[in-house]
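Here are a few notes from going through this one. Have the model open alongside as you read.

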Amino acid sequence: MSAGDGGDGGDRRLIDRLLEPDALRAQPPRVANPVVDPDAPRLPGHVELLGIAKAFERGRGPARPALADVELVVPGGQIVALIGPNGSGKSTLLRIVAGLIRPDRGEVRIDGAPITRPDARIGLVFQEPRLLPWRTVRGNVAYPLELAGAPRSVIDDRVTELLDLVGLDTSADVVPSRLSGGMRQRAALARGLALAPEVLLLDEPFSALDALTRDRFNLELLKLWNRMRTTIVLVTHSIQEAILVADRVVVLSPGPGHVLADLRVPFDRPRRLAMLDAPEAGVLAGRIRELLEAAA
């Protein structure tokens with residue numbers, strides 16, 4: 001899911017960006033295992049979460065706090081995994097970053113600008129694909145571009161490019177009910193990338209897949225990142241997935257969620273599944289489990 005920023009100027013900038021020779025162009029190579037360095041030059045997609053707090057009303061009872069003073073910085077082009085127990089506010093936090101929910105306190109900034117509503121620079125892929133059942137794969141991927149008012153020629157070229165990117169070029173005219181679960185998730189990912197977002201938010205997108213398919217999809221996600229260098233924030237319950245994909249693993253407490261630890265993943269890119277057998281991966285996984293168990 002991705003949405004326009006609500007103004008003609010924003011739509012015009014979006015369309016101009018999509019008309020560039022390669023909307024999937026890669027940014028310059030970055031250093032391995034980046035850390036949050038305030039003196040480093042900022043790449044597009046720099047995310048700041050400043051004191052985010054959120055509570056939800058529940059009938060006549062007191063409001064249920066979901067998040068409490070979350071502070072987090074994700075430099076442009078980095079991949080951060082959020083991991084925590086059920087009720088830690090991971091999905092709520094993603095929706096706040098996407099501009100779908102307003103925090104009670106605090107602020108989200110993308111490249112220094114406050115996010116108060118859905119923005120074309122931010123793409124969101126849910127755990128369930130949520131494809132429009134009456135539209136073909138091509139039609140689903142085209143939908144955000146149509147909402148943004150992109151010319152038909154731009155839509156056609158962009159959809160063709162994305163379907164080729166996610167390996168659905170031969171299924172463009174198939175409706176979602178005739179796709180496998182993995183193919184539906186590919187279509188949802190292509191739709192999330194339709195507006196060339198600078199920030200991609202993934203809410204457990206592969207959790208419904210079997211373990212082998214999930215590993216393959218994570219490696220394909222990394223290939224997409226290597227081409228696009230989009231900032232990615234991934235919500236997951238899988239410690240292995242977090243270590244395989246991310247530059248940093250942010251561990252959240254039980255609700256109301258706050259940051260317990262921000263752990264760097266000690267591996268260069270490109271990543272391989274065999275990396276998960278390395279002693280360093282075992283040490284990091286053990287540390288994450290200790291934090292989660294201690295907070296339970």
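Predicted model: local features only at pLDDT ≥ 70, side-chain atom pairs only at ≥ 80, totals over all residues.

1. As for the overall make-up, the protein chain has 8 helices and 10 strands, and buried residues account for 52% of its 296 residues.

2. Have a look at Gln78, which sits in the loop between strand E2 (61-74) and strand E3 (79-83). Gln78 counts as buried because its relative accessibility is 1%, and the cut-off for that label is under 20%. The side chain of Gln78 also has a partner: it makes a polar contact with the side chain of Arg248, at 2.7 Å.

3. Next, helix H3 (residues 137-147). Its buried residues are Val137, Gly139, Asn140, Val141, Ala142, Pro144 and Leu145. After H3 comes Gly149, which has a positive phi, near 80 degrees.

4. H3 packs against helix H4 (residues 152-165) at an angle of about 130 degrees, and the two axes are 9 Å apart. That angle is why H3 is called oblique to H4. The crossing is right-handed. On the H3 side, the contact is made by Val137, Arg138, Val141, Ala142, Leu145 and Glu146; H4 brings in Arg152, Ile155, Arg158, Val159, Thr160, Leu162 and Leu163. Sorted by class, the contact of H3 with H4 has 8 nonpolar, 1 polar and 4 charged residues. Val137, Val141, Ala142 and Leu145 turn up here as well as among the buried residues of H3.

5. The other pair to check is helix H5 (residues 181-192) with helix H6 (residues 211-228), packed at an angle of about 20 degrees with their axes 12 Å apart. Angles under 35 degrees count as roughly parallel, so that is how H5 lies relative to H6. H5 and H6 also cross in a right-handed way. Gly182, Gln185, Arg186 and Leu189 of H5 make the contact with Arg216, Phe217, Glu220 and Leu224 of H6. By class, the contact of H5 with H6 splits into 3 nonpolar, 2 polar and 3 charged residues.

Note on methods. Residues numbered from 1 in each chain as written. Heavy atoms only, no water. Helix = DSSP H or I, 4+ residues; strand = E, 2+ residues; numbered from the N terminus. Buried < 20%, exposed > 50% of the residue type's maximum accessible area, 1.4 Å probe, protein only. Polar contact = N/O pair within 3.5 Å; in protein donor to acceptor, adjacent residues only side chain to side chain. Axes fitted to C-alpha atoms, helices over the stretch in contact; angles between N-to-C directions. Parallel < 35°, antiparallel > 145°, perpendicular 65-115°, else oblique. Left-handed = near helix turned anticlockwise from the far one by under 90°. Contact = heavy atoms within 4.5 Å. Nonpolar A, V, L, I, M, F, W, Y, C, P; charged D, E, K, R; others polar.
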